[in-house]
Amino acid sequence: MSAPQDVATGRLPLEGVRVVEFSHMIMGPSCGLVLADSGADVIKVEPVGDGDKTRVLPGSGAGFFPMFNRNKRSVAVDLKSEEGLEYVKRLIATADVVTENFRSGGLDALGLGYEELSAENPGLIYCSLKGFLSGPYEHRAALDEVVQMMGGLAYMTGPDGRPLRAGASVNDIMGGMFAAMGVMAALYERRTTGHGQLVRSSLFENNVFLVGQHMAQYAVTGRAADPMPSRLSAWAVYDVFDTGDDEKVFIGVVSDTQWRAFCAAFGLPHLAEDPTLATNTQRVGARERIMPTLRDTIRSRTQDETVRLCETARLPFAPIKRPQDLFDDPHLNETGALTEVTLADGRTARLPALPLEMGGRRLPLRLDLPRAGEHTGELARELGYSPEQISAAAQARTFCGDSAEQSASIH
């Protein structure tokens, strides 16, 4: 695989922290991604053979592995074997953090649950990412779609009576982010107490946090929030407009100053001078009267012209883009917001970096996407295994890397 394109200069925030990750899909790997991009040594434990099944998901799952697993090392282990389990326990003994997002009780049955591991290592931080936190739903199976439906997000996203999931795995990703925040807070607390702790993050409670503003709206006003497509907007101009070249642009006008700037930019002085449209409240009440004129005005221009006028007038605006359009976005390409990784077939792709700047720089790519088990032998040597033991484990397939890594580790 290709060498990393960006190399860290200087110390990263979590350098020196070791994380052992038992994860698949999105929620667990996204937690590990935040920690890994921040400098932690994240070691992904995968099954012997093809590794994490996420590596070969088709369709909408094809991007899961490449998006959430850079900057990690991979070991391939048969956890059902005595030798594989011993390897993992020796690895965990060197770790600061263990993360897992498998079914409840799965790791406990192997002696890899929080109670047993923390008894051996009181400083260990153990992070479980699940569908639900403690309570009546705790043992239910969950998916992002499930919690969006039961947590009000799908109701708010779709038209009235037609719940619709959000167009990205928002709870999986944010659940992973909150887990990473919890891990970092626990690491900070350990500096004072010397003790680790169990950190738990969930899909459902994360989703409830996302719709909390709508719950608060009901608490304040006594009126239930309408689904977003059906809502009465707080602003008169806050909508998607068709342009003359069959494209679309979102424009928001959220102050009286912006209204005057909008009218000036688009040649609508008669609306700016109309005293019945002077305030936002008046304009909201007059939407049915003014919106046809605004739509005709925008439709008479191309998307590029509309964008240029909005940018000059310093108005909130957004040309409507598709995910694949972002590969060519000039801002993302100029600022290092996309990180190049090597895909399984050898092609490269530039995927989103963490949306952070620290000390004026983006967090760098240190390790490309790992092959399944690529670092098993490397870490076995760190753990004190002899070449003969590593070779025997590879033959027995209790812990082993891919062929290239395994050959290097033996010789």
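Biologist: How do H8 and H9 stand to each other?

Modeller: They are oblique to each other. This is a predicted model, and the angle in it is read from the directions of the two helix axes. H8 and helix H9 (residues 212–221) pack at an angle of about 50 degrees, and their axes are 4 Å apart. An angle of 65 to 115 degrees would count as roughly perpendicular and one under 35 as roughly parallel, so this pair is called oblique.

Biologist: Which residues of H8 and H9 meet?

Modeller: On the H8 side they are Val208, Phe209 and Leu210, and on the H9 side Gly212, Gln213 and Met215. Sorted by class, this contact of H8 with H9 has four nonpolar, two polar and no charged residues.

Biologist: At what angle do H7 and H8 pack?

Modeller: Helix H7 (residues 170–193) and helix H8 (residues 203–210) pack at about 100 degrees, with a separation of 9 Å between their axes. H7 and H8 are therefore roughly perpendicular to each other. H7 contributes Val170, Asn171, Asp172, Met174, Gly175 and Phe178 to the contact, while H8 contributes Leu203, Asn206, Asn207, Phe209 and Leu210. By class, six of the residues in the contact of H7 with H8 are nonpolar, four are polar and one is charged. Phe209 and Leu210 of H8 are listed in the contact with H7, and both are listed in the contact with H9.

Biologist: How many bridges join S1 to S4?

Modeller: Four bridges join strand S1 (residues 18–22) to strand S4 (residues 97–100), and the two run parallel.

Biologist: On to charged pairs. How many salt bridges are there?

Modeller: Side chains of opposite charge can pair when their charged atoms come close. The count in this model comes to 26 salt bridges.

Biologist: Where in the chain are Glu382 and Arg73?

Modeller: Glu382 is in helix H16 (residues 376–382) and Arg73 is in strand S3, 309 residues apart. Their side chains meet in a salt bridge of 3.2 Å, N to O. Arg73 is buried at 8% relative accessibility, whereas Glu382 is partly exposed at 46%. Both belong to a network of salt bridges that links Arg18, Asp41, Arg73, Glu378 and Glu382.

Biologist: Which parts does the pair of Asp256 and Arg283 tie together?

Modeller: Asp256 lies in helix H10 (residues 256–265) and Arg283 in helix H12 (residues 280–285), so the pair ties together parts 27 residues apart in sequence. The closest N and O atoms of this salt bridge are 2.9 Å apart. Arg283 counts as buried at 1% relative accessibility, and Asp256 is partly exposed at 28%.

Biologist: Is Lys248 partly exposed or buried?

Modeller: Lys248 counts as partly exposed, at 39% relative accessibility. Lys248 forms a salt bridge with Asp242, and their closest N and O atoms are 2.5 Å apart. Asp242 is partly exposed too, at 34%.

Conventions:
Residues are numbered from 1 along each chain as its sequence is written. This is a predicted model: local features need pLDDT of at least 70, side-chain atom pairs count only at pLDDT 80 or more; totals for chains, interfaces and linings use all residues. Side-chain values use heavy atoms; hydrogens and water are left out. Axes are lines fitted to C-alpha atoms, for helices over the stretch in contact, and angles run from 0 to 180 degrees between N-to-C directions. Angles under 35 degrees count as roughly parallel, over 145 as roughly antiparallel, 65 to 115 as roughly perpendicular and the rest as oblique. Contact means heavy atoms within 4.5 Å. Ala, Val, Leu, Ile, Met, Phe, Trp, Tyr, Cys and Pro count as nonpolar, Asp, Glu, Lys and Arg as charged, and the others, Gly among them, as polar. Two strands pair if DSSP finds at least two bridges between them. A salt bridge is a side-chain nitrogen of Lys or Arg within 4 Å of a carboxyl oxygen of Asp or Glu. Buried means under 20% relative accessible area, exposed over 50%, partly exposed in between (1.4 Å probe, protein chains only).
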